[in-house]
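Trainee: Could you walk me through how to read ring contacts and a core in a model like this one?

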Amino acid sequence: MREITEGFTLEDDPLWYKDAIIYELHVRAFYDSNDDGIGDFAGLTQKLDYLQDLGITAVWLLPFYPSPLRDDGYDIADYTAVHPSYGTVNDFGTRAESHLGPACLVPASAKGTARKSRSQVLCVE
């Protein structure tokens with residue numbers, strides 16, 4: 001199994017996904033850190049060690065963008081922001097860049113493509 005370390009980029013190992021154990025999750029349903037009944041990025045970050053202990057090497061995040069939620073978040077209203085129930089763009093970016101561990105795959109458009117950026121990689125220490 002390939003190991004993702006600090007400073008890893010997709011260019012370092014473009015075939016990393018071939019050995020990956022990918023876990024799909026919806027931030028809204030995963031873990032609620034503030035007891036409001038809705039999962040959030042703070043909750044996801046708190047559980048990254050747990051996910052890594054399970055052997056998960058990549059997390060596929062279902063849409064977490066602002067949305068009227070008529071189609072479980074797929075009716076995205078703004079691809080450049082985070083739904084306020086889940087946190088902020090800063091919560092996502094700061095948490096994504098400050099941890100080492102499972103890669104985080106983020107759908108960036110309705111066409112299902114993903115951006116190649118450092119913010120795609122969430123890792124566990």
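Trainee: Which residue lies over the face of Y31?

Mentor: A charge counts as over a ring if NZ of Lys or CZ of Arg is within 6 Å of the ring centre and within 35 degrees of the ring normal. Here K47 sits over the face of Y31, 4.7 Å from the ring centre. This is a predicted model, where local features need pLDDT of at least 70, side-chain atom pairs count only at pLDDT 80 or more, and totals for chains, interfaces and linings use all residues. Residues are numbered from 1 along each chain as its sequence is written, and side-chain values use heavy atoms, with hydrogens and water left out.

Trainee: How many aromatic pairs are there?

Mentor: A pair of aromatic rings is described by the distance of the centres and the angle of the planes. Rings of Phe, Tyr and Trp (its six-membered ring) pair if their centres lie within 6.5 Å; planes under 30 degrees apart are stacked, over 60 edge-to-face, the rest tilted. That gives 4 aromatic pairs. One of them is Y23 with F30, edge-to-face at 6.4 Å centre to centre and 65° between the planes. F41 and F64 are also edge-to-face, at 5.1 Å and 90°. Ring pairs link F41, F64, Y65 and Y79 into a cluster.

Trainee: Are F41 and F64 buried or exposed?

Mentor: Both F41 and F64 are buried (under 20% relative accessible area; exposed is over 50%, partly exposed in between, with a 1.4 Å probe and protein chains only). By contrast, Y23 is partly exposed, at 34%.

Trainee: And which residues have the most contacts inside the largest nonpolar core?

Mentor: In soluble globular proteins, nonpolar side chains tend to be buried together. A nonpolar core is a set of buried Ala, Val, Leu, Ile, Met, Phe, Trp, Tyr and Cys residues joined through side-chain atoms within 4.5 Å. The largest one here has 17 residues, and F41, L61, F64 and F92 have the most contacts inside it.
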